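Biologist: Let us go through the labels in this model. I want each one set against its cut-off.

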Amino acid sequence: MTSLISQTNYFYLDLDKNIANGCSEFIVENRSELKLFIGNLKIQEILCNGDVADCQFSTEEHKCSSSDNSGSNTTNSLTQSQPYQRFDKRQSKYSQILDKRKIVKIWTRMGKNTIVIKFKPNLTFYSQMDQFDDHKEVIGAMNKQVFFPFLDEMTNLKLIYVVNPDLTVLSSGQMENVIEQDEFAIHTFLTITFPRNIAFCVGKFEKFELSSSKILFLPKYQDYSEIKHEILSTQKIMNHYSINDKSLQIHLIFPYSDIETDAENLIIKPFGNFPFKQDIEQNFRFRQNIGISMASQLFMKIEFKKEDLWLKTGLIGYIGNQIAKNSLGTNEFLYQLKIDINQVVSEDKEHLPLFSFSRSIESCQTEFFMKKSQIFFQILENVTSFSSLQKIIKSILTQSTISTESFINIVKDSTGRDLSHEKQIFKNSATLFTGDLSIDQKKNTVKVVFNKPVNTLIQSNELEGVFEYPIKKEVTYTYHNRRKREEESVLFIKIDPYITQINNFKIILKNTMYNFLTKDKNILSQLEGVQHVDEVELERIIYDHNVNYHIRLLAMNYLGINSIFSFFVKKFCIPGSTIIKPNSFTILNHFLLIGLINTLSFSNPHTTREIVTNNSIKSEQTPIQDVKNTDQKRTVTHGAIIKAFYHNILRYNDNSSNQYSDGTFVSSIIRNFSFMFVSYTDETFNEFIEQNDLYFEIIERYRRKDLIFPSFGNQITCSVLYFYGKLDLYGIIELDFDYLHFLLQETNYIDIRCCAAEILTFKNICDESSECPEQLINLLSLDDKIIETVLQTLLNMLETDF
């Protein structure tokens, strides 16, 4: 192997002209060949001991196929002994995945060699909005885009930045010194880590100390009291897993550039992610994201091979979930956990196991992989204990390299549990088990039989208390009955109540048991019960404040639009009218309102219903083509009713006395508005526009208001664009190409730019002109987030046979 003694990287940054140059110096000993990964760097010169180096550029490929699972080229005992490691033919789509990396091979002499590479680093500069904008910043992130050549191993790195003296330099590693001159300053950082964990940010930032180990940097002053509380709360959770008493030194940066990355002792998030007191949605989103970023800091110096990345992903996700659980509450955590388990069970057969040699790096970054990995560690905590998992994580943090085999040994030493044949790691074992329940009231017994062995626990909730019984495939137990036989002694039964498996269990209970489930405090009980109760119980759930808001929204969805309208009028309107009260958001009211609006959007706009004329919606709010007059009744579409309902909310919306922003609430209404517009014929186009003119008028009014008094991230403008974009797709209106290209400019908020890119992608695909391919290529040359939006839009169009 190449003996790399050290690597020194020099970066010359001119933020006045947005120019950057780089130079890397490698000290190598006792090896004739050096293979460096270079990404898309523009290499200018390569020298070896002062002379032009003998080198070769190429692309290294790794094709993931079934042969990678055979274990013939590895000494890992797991792959040699476990027959269930073989590749499943149902997952053949993975065999076409390639890992591609551009490399340069440099041949050297024996002994010590000095290799110098000059290059143009791939960096992201901030584009100033106008001549009055004096902010400057530049960001480099190795896990986003390679900005210096590197060897993919633990490396002794020195990072030197030459910049203007008035700029702040933040980098991975520990600062060694700063040398200041009249025209420039030299900042030097040292670290021993994997090069992919390196990032830096240089620019004009203000510094705020949140604690002795957590420092915040912002491009301009903002109220940071909210973020200080969240960071300090997060630090307390992180201390449970730290292997020493010292807290991790972390710099948290919110630049204007749309770059988000987690690097060694550096967390960079776009300024649009900054939490504001006035925005409930933004605060909750930040709480969910910051936990993952903080947890990733623990594992920066540990090496994981490609097939073992599920360990790193799962551990980071698990700790991040513990942080979110502490911040958002147990019920919110359990609800999301159950939703994720349902997704894993439904899709597991289509994917590779967690541990598989057939995985590529990209396949370890999918949403499914991340969810299943973190679920595994949550279940491991449930079957052992929180303290046991703490011990396991602390043992892992003492290692420099972790594999699946060594992890299994750590678990066995810490808990005595043997995972060497664990199906949840090595197989696609997630499944749905179905069972039957019978109660013999004469013998006071309950019998449960499943279609397959389940090896779990049954929890019997009775009037006399809660009792638990192990079950393999079937079990019969005697319930406790000290009351009259006609009274219910067994309130309800739960299977696997502590979530110890990545499986779902379905068993048919008595109707009354489902009613008792909805009255339980646990959200998982409520979730199971609400899916089976009758309309009377659903009506009770909607107005029961002890029921979680997720469950109340589900109950409204099951009952239909009548129950939603009725609930909204009773709770949010002035008594005796349909005029909404001035906004007075609480966290619960906010999420209940957003969920209510989103639930309505799932209604079929073509569905019709007959209403009595005296109780009908006024004709000025109901388009003519949606209403068919009769003598005493008229037929109205659900689309017409919901459009009138949305219009009524926007018309009377008053947020003047509310402490929270209504941007998310209004944008949800506008975005869902377009789902209620139905098709038309060429003969009725003018009539269609005339009848829906009041809707267009009020939406346009909100768009113009957002220009003067912008919502957070211009989210109202984004929703209006999606609204117009959908109508353009239906052929109702036509958006101007020049206007959409104007929105793509860097001076606009990134979400607006992505929205414009998505609409342009649709329009270019539908346009048969010869300029279409060229315009799509232009979109793919913009920011990474816009490129991702365009590619995802094209993928969605292919999947839906657009």
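Biologist: What makes the contact of Glu 700 with Arg 703 a salt bridge?
Modeller: The closest N and O atoms of Glu 700 and Arg 703 are 2.5 Å apart. A salt bridge is a side-chain nitrogen of Lys or Arg within 4 Å of a carboxyl oxygen of Asp or Glu. The pair therefore qualifies. This is a predicted model, where local features need pLDDT of at least 70, side-chain atom pairs count only at pLDDT 80 or more, and totals for chains, interfaces and linings use all residues. Numbering starts from 1 along each chain as its sequence is written, and side-chain values use heavy atoms, leaving out hydrogens and water.

Biologist: Where do Glu 700 and Arg 703 lie?
Modeller: Both are in helix α19, three residues apart, or about one turn of the helix. Helices (H or I, at least four residues) and strands (E, at least two) are DSSP runs, numbered from the N terminus.

Biologist: Is Glu 700 buried or exposed? And Arg 703, buried or exposed?
Modeller: Glu 700 has 18% relative accessibility. Arg 703 has a relative accessible area of 18%. Buried means under 20% relative accessible area, exposed over 50%, partly exposed in between (1.4 Å probe, protein chains only). So Glu 700 counts as buried, and so does Arg 703. Elsewhere, salt bridges with shared partners join Asp 340, Glu 367 and Lys 371 into one network.

Biologist: How many salt bridges does the structure hold?
Modeller: It holds 15. One of them joins the side chains of Lys 136 and Asp 16, at 2.3 Å, N to O. That pair links distant parts of the chain, 120 residues apart. Lys 136 is in the loop between β9 (124-125) and β10 (137-141), and Asp 16 is in the loop between β1 (3-14) and β2 (19-29).

Biologist: Why is Lys 136 counted as buried?
Modeller: Its relative accessibility is 18%, which falls under the limit, so Lys 136 counts as buried.

Biologist: How do you know that Asp 51 and Arg 109 form a salt bridge?
Modeller: Their side chains meet at 3.9 Å, N to O. That lies within the salt-bridge limit, so the pair counts. Asp 51 sits in strand β5 and Arg 109 in the loop between β7 (98-107) and β8, 58 residues apart.

Biologist: What makes strands β4 and β8 a pair?
Modeller: β4 (residues 42-48) and β8 (residues 112-120) share six bridges, in the antiparallel sense. Two strands pair if DSSP finds at least two bridges between them, so β4 and β8 are paired. Leu 47 stands opposite Val 116 in β8.

Biologist: How many bridges join β4 to β5?
Modeller: Two, again antiparallel, with β5 covering residues 51-52. Leu 47 stands opposite Val 52 there. β4 and β5 form a hairpin with two residues between them. In the turn, Asn 49 has a positive phi of about 55 degrees.

Biologist: Why is Cys 48 called buried?
Modeller: Its relative accessible area is 8%, so it falls in the buried class. Cys 48 lies in strand β4. Contact means heavy atoms within 4.5 Å. Not counting residues up to four places away in sequence, Cys 48 touches Ala 53, Trp 107, Thr 108, Asn 113, Thr 114 and Ile 115. The C-alpha atoms of Cys 48 and Thr 114 are separated by 5.8 Å, although these residues are 66 apart along the chain.

Biologist: Why do β16 and β19 count as edges?
Modeller: They belong to an open sheet of five strands, in the order β16-β17-β18-β20-β19, with mixed pairing. β16 (206-209) and β19 (261-263) each have a single partner strand, so one side of each is left without a neighbour in the sheet. β19 pairs with β20 (residues 266-268) in the antiparallel sense over three bridges. Ala 263 has Leu 266 as its bridge partner in β20.

Biologist: Why is Ile 708 called exposed?
Modeller: Its relative accessible area is 63%, so it passes the limit for exposed. Ile 708 lies in helix α19 (residues 693-708).
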